[in-house]
Amino acid sequence: MINSKQTPARLARWLVPRAVALAAALSLTSAAAIPAAEPIKIGVIGEESSVAGASITKAAQMAADDINAHGGVNGRQVEIIAYDDHSSSSDAVRAFQRAVTEDKVSAVIASYISEVALAIEPWSARMHMPFITPGAASTDISKHVHDDYAQYKYTFHGWLTSAFIAQSICDFEHDTIVKDLHAKTTVVMSEDAAWTTPLDAQYLECLPKAGLKVLDHIRFNPDTTDFTPIFNKIEGEHPDVITTGISHVGVQPTVQWHDQRVPIAMAGQSSQATTSTFWKDTNGDAEGIITASAAAPGVAITPGTIPFTDAYVKRFGSSPAYDGYTTYDDVHIIADAIKRAGSTDPDKMVTELEKTDYVGTVGKVQFYGQGDQYTHALKYGPGLVTGVDIQWQNGKQVTIWPRDKANGKITFPAAIKSPH
Amino acid sequence: MTALQILIDGFAISALYALAAVGFTLIFGVSGVLNLSHGGIMLVAALIGWWAAGDLGLGVYGGTLVGILAGLLTAYLTYFVVVRPIQRSRKIPREETEIFVLTGTLLWGIMIQVGMAALFSDNPVTMRPLIRGVVDIFGVRTPKNELMIAVVCWVVIGLLWLLINRTRVGKSMLAASINPRGLTLLGFDLSRIYFLVWSIYGTLAGIAGVLLASFLGVGTANAGQLTASAFSIVVLGGLGSVSGSLLAAFVVGYLETITAYLLNPTLRPIPALLLLVLVIYLRPQGLLGRR
């Protein structure tokens, strides 16, 4: 007969020696793994189970392979060390610490989630580790650099801040939905998250300037699964277009929007709709959905865009999410900075990263300076990076803005009554 | 207008909740198992169904069947790999079996969730609706699929009622929930009854998973929430009471819908949880529970 009180003690007797042996084995392997000739190591922290997060590590590996095929950096190979943070800030911080202290990386590229990037940022400051986020959007990331430059200067924001994303969407809506389709009103519909707070603030400021009166501003919990009440409320307000700010959700509101025949178009930022699997995930209910993105298949934003997209599709079977493009650029930007600095000294790297003037896959990449409002954020504007607006049409992402990059025209399925 | 909208939407979601919770309460009633991998099993049905319908090219009906089958197989796996070994283990003290089953199924559910996320990514997916199109009910534009889901749920629940109350095996299941020892003394094989009840449970969870995928869409992140909602419905209705679960499913479904429409969609789950706390204080056996 087993006494229940003995169980923990027996468990401990069983567990402790095994745990010690395992720890010893692990420490031995990591000691043995340090190579003699050192490549330049870049830590890449992604979210492997989400489509956007998995693009980060894949694109980073492609960039490293390309750089190494062209002789590496100052004769040294680039090695990507990938980590998965499971969309968790604490996992990401642990991965970051491990990258710096154990794996001795020279720079870190991490995450598309603002909460995660914001959790890593102070560690980048404390450990003097150059860090670029290729996909997070919160304006707080660059605000911290601006407010305490000496501390936070190691952080760079490799994707447009929420404020610029909103501005880009306002510019798009002004050029097409207002000018061509004569829309006059909108409702802002955003998930409640760190990246949408500045996004919505900018929406509320720039949408009226773009010619759209904001009838309502709805923020909802990212855990929401039933969007019927939200669409119901919006429909009752009769806007001409719904302006979205969604990333954690996407498939569900899109499918319900379609199934309930909500007669109002959706445009804005719908990050899940930037991925090529979105059509399949929604069974084609994505028809007519418009979203901002970094780049789109088949559109040559720069000479580098299409070759990268094609190579990515060939290697991984689906096209990169928006942060796949930026990650690919960021690895090159870090490699170039190390090349110019002639070393991996973090302060020298920061100085060189600030001088970045690189034509990548998403446009011409430069970072704002110490005196600018968004220090170390990606510069936004024509001739730099503007992003594109794509619309799902017959299973394909068609680029509809900016005009000079567009390969199709905006069009809506019959169920959409507004805008005309 | 809004009232009618609440009535219709609340009815569909409540019916789906009821279907998902009935199986959950049944295995508790008959075999004393609280299966915390419930959401995981629904998830498998939804994702495999979606995958079979699209990638395997089986279409929506084929996908639905494969999804339900996947739910059933996962339920069997849960029973034979996790639950039964724990119940039969001589190393686990009798009085702690339930805690071990609870922990075992919880961990199993997490394993399913992480495994599915690795296979299918954490993007939510949606099954193509069995019927497309909308119908106008006194000015409320309602997807036909939503109505059909409510009907299917009630038909399945009705069949379950017939099975339990009108057939010999059903009655032996009922007897097992009241007095398992008496039943063994009468010469019934309990393990066969348990197998049967897990079969019913797996089928119900499979149907609920596939229907949910075609109604609201399902992603791996939803697994915990699905378990929690079934669990709170079952506690609210009274653990093991099938009719209590049906009643509680409608209370929770309508409370959530009313909150979402009249207060704020963000507050949706809160009033139902408050009610649950109240019930635990004032009537711990649940609305219709006996123990």
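Me: What makes the strands β7-β6-β8-β9 of chain A an open sheet?

Reply: The four strands lie in the order β7-β6-β8-β9 with parallel pairing. Strands are DSSP runs of E of at least two residues, helices are runs of H or I of at least four, and both are numbered from the N terminus. Two strands pair if DSSP finds at least two bridges between them. The edges are β7 (213-220) and β9 (265-270) of chain A, each of which pairs on one side only. The model is predicted: local features require pLDDT of at least 70 and side-chain atom pairs pLDDT 80 or more, whereas totals for chains, interfaces and linings use all residues. Residues are numbered from 1 along each chain as its sequence is written, and chains are lettered from A and ligands numbered from 1 in the order in which they are written.

Me: How do you know that β6 and β8 of chain A pair?

Reply: Strand β6 (residues 185-191) and strand β8 (residues 241-246) of chain A are joined in the parallel sense by five bridges, and the criterion asks for at least two. A:Ser190 has A:Gly245 of β8(A) as its bridge partner.

Me: What makes helix α7 of chain A a helix packed on this sheet?

Reply: Helix α7 (residues 162-178) of chain A touches β8 and β9 of chain A; contact means that C-beta atoms, placed from the backbone, lie within 7 Å. Its direction makes about 155 degrees with that of β9(A). Axes are lines fitted to C-alpha atoms, for helices over the stretch in contact, and angles run from 0 to 180 degrees between N-to-C directions.

Me: Why is one side of β2 and of β5 of chain A left without a neighbour in the other sheet?

Reply: That sheet has five strands in the order β2-β1-β3-β4-β5, open and parallel. β2 (78-84) and β5 (155-157) of chain A stand at its edges with a single partner strand each, so one side of each has no neighbour in the sheet. The twist averages 20 degrees from one strand to the next. Helix α2 (residues 51-69) of chain A packs on the sheet, touching β1, β2 and β3, and makes about 170 degrees with β2(A).

Me: Why is chain A called as compact as a globular protein of its length?

Reply: Chain A holds 14 helices and 14 strands. Its radius of gyration is 23 Å, close to the 22 Å of the globule rule for 420 residues, so chain A is as compact as a globular protein of that length. The radius is taken over C-alpha atoms, and the rule is 2.2 Å times the number of residues to the power 0.38.

Me: What makes the crossing of α1(B) and α5(B) left-handed?

Reply: A crossing is left-handed if the near helix is turned anticlockwise from the far one by less than a right angle, and right-handed if clockwise. The axes of α1(B) and helix α5 (residues 144-166) of chain B cross at roughly 35 degrees and come within 8 Å, and the crossing is left-handed. Among the residues in contact are B:Phe11 and B:Leu19 of α1(B), and B:Trp154 and B:Leu160 of α5(B). By class, the contact has 14 nonpolar, no polar and one charged residues. Ala, Val, Leu, Ile, Met, Phe, Trp, Tyr, Cys and Pro count as nonpolar, Asp, Glu, Lys and Arg as charged, and the others, Gly among them, as polar.

Me: How many residues does each chain give to the contact between chains A and B?

Reply: Chain B gives 29 residues and chain A gives 28 residues. α1(B) gives the most to the side of chain B, with three residues.

Terms used
Contact = placed C-beta atoms within 7 Å.
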